[in-house]
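Dear colleague,

I am passing on the structure below, together with notes on what came out of going through it. Please read them with the model open beside you.

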Amino acid sequence: MSRIDNLPSLSEVIKAHELSARKALGQNFLLDLNLTAKIARQVGDLAGSDVLEIGPGPGGLTRGLLSEGARKVLAIEKDPRCIPALDEIAAAYEGRLQVIEGDALQVDPLQHLTQPIRVAANLPYNIGTELLVRWLTPQDWPPFWESLTLMFQREVAERIVAKPGSKAYGRLALLAQWRADAQIVLTLPPEAFSPPPKVHSAVVHLTALKEPRYEADAKVLERVVAKAFNQRRKMLRAALKGLAPDLEDRLIASGIKPTDRAEVVGLEQFCALARNVAS
Ligand code: SAM
């Protein structure tokens, strides 16, 4: 028995439900329930929030969230083999866990959740950045979530919190830091997972700001930043060619030298450029 609840250990759950990990689904399971409870404690005010969890798998983080007091967890899992294991957790934490079998990229979870909503996930690596960018770039702000507490490969986590001038700085840093506070709160070695991935992992906690740091249209900013970093070694006058007429004038009006490379340009200048391109 685990120490956080009366359910069987995760190794027993995996054995009983024959949940051999599938690479195509990005399955690297956390087996230590004390660790999943520790991750759950990074999420914030659990008792006063509904939590959306993507990819619960055998339910390690799910149990962490519930044992740490989450008001409700809505868990979306694509692998049908995991559903009976998750149903056992739902029965033990009566009325507080709802499981949806489906693809997180397709399911609209909002009809099942009540504000305030927090997101927590040990994300399947193949859809992690796509979901993060979606959560960061709705047209309207503030978003449906108060915070995101997400496990990534450490290299991706470093790209989210990176500052200008560093190798990791790029699209993810700009989109994340434009509308949220982002920090790495935990780093985990490969051995924390079964099977162990090749690289270290890290948990990033993002808190939604009430308003974006600088005014810009989300779609335009996303387009400008993607183009700028697509050829990050090139000067911006070349990397952004075709983005708008009179490009060099717009760069200068945004406080950017046309000969600068994207990696030295800060968030404020990129937002100014997005406004100048949109106008
Ligand atoms: N949360 C569990 C843990 O920490 O042990 C499992 C994490 S594992 C890295 C990723 C999980 O996401 C797997 O259970 C996998 O089946 C699920 N998954 C993969 N693609 C998905 C998708 N498109 N929608 C929902 N779940 C998905």
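Val 119 stands opposite Leu 148 in strand E6, where two strands count as paired if DSSP finds at least two bridges between them, and where helices (H or I, at least four residues) and strands (E, at least two) are DSSP runs numbered from the N terminus. Strand E5 (residues 117–122) and E6 run parallel and are joined by six bridges. Between E5 and E6 the chain passes through helix H5 (residues 125–136), and this β-α-β crossover is right-handed, in the sense that, with the strands pointing away from the viewer, the path from the first strand over the helix to the second runs clockwise.

Before going further, please keep in mind that this is a predicted model, in which local features need pLDDT of at least 70 and side-chain atom pairs count only at pLDDT 80 or more, while totals for chains, interfaces and linings use all residues. Residues are numbered from 1 along each chain as its sequence is written, and side-chain values use heavy atoms, with hydrogens and water left out.

To return to E6, this strand (residues 145–153) is mostly covered, with seven of its nine residues buried; here buried means under 20% relative accessible area, exposed means over 50%, and partly exposed lies in between, with a 1.4 Å probe and protein chains only. E6 also pairs with strand E9 (residues 201–208), in the antiparallel sense and over seven bridges, and within that pairing Phe 152 has Ala 202 in E9 as its bridge partner.

The ligand is surrounded by 21 residues, of which the closest are Leu 30, Gly 55, Glu 77, Asp 103 and Asn 122; a residue is taken as near if one of its heavy atoms lies within 4 Å. As for polar contacts, these are pairs of N or O atoms within 3.5 Å; within protein, one atom must be able to donate a hydrogen and the other to accept it, and residues adjacent in sequence count only if both atoms are side-chain atoms. A backbone N or O atom of Gly 57 is 3.4 Å from an oxygen atom of the ligand, and a backbone N or O atom of Lys 78 is 3.4 Å from a nitrogen atom of the ligand. In the side chain of Gln 27, an N or O atom lies 2.9 Å from a ligand oxygen atom. Taken alone the ligand exposes 600 Å², and the protein buries 98% of that, with accessible areas coming from the Shrake-Rupley method with a 1.4 Å probe and, for residues, only the protein chains shown counting as cover.

Gln 27 itself sits in the loop between helix H1 (10–16) and strand E1 (29–30) and is buried, at a relative accessible area of 7%. The side chain of Gln 27 also reaches the backbone nitrogen of Arg 22, at 2.7 Å.

Some backbone features deserve a look. Most residues other than glycine have a negative phi, and most peptide bonds are trans. In this model, however, a cis peptide bond joins Gln 115 and Pro 116, with omega about -5°, and Pro 116 lies in the loop between strand E4 (97–101) and E5. Another cis peptide bond joins Ser 194 and Pro 195, with omega about -10°, and Pro 195 lies in the loop between strand E8 (193–194) and E9. Glu 18, although not a glycine, has a positive phi of about 50°; Glu 18 is in the loop between H1 and E1 and counts as exposed at 64% relative accessibility. Asp 246 likewise has a positive phi, near 50°, in the loop between helix H9 (236–239) and helix H10 (247–253), and is exposed with a relative accessible area of 54%.

Helix H3 (residues 60–67) is mostly covered, seven of its eight residues being buried, including Arg 63 and Leu 65. Just after H3, Gly 69 takes a positive phi of about 105°.

For the chain as a whole, there are eleven helices and nine strands. The radius of gyration is 20 Å, close to the 19 Å that the globule rule gives for 279 residues, so the chain is as compact as a globular protein of that length; the radius is taken over C-alpha atoms, and the rule is 2.2 Å times the number of residues to the power 0.38. Of the 279 residues, 51% count as buried.

With best regards
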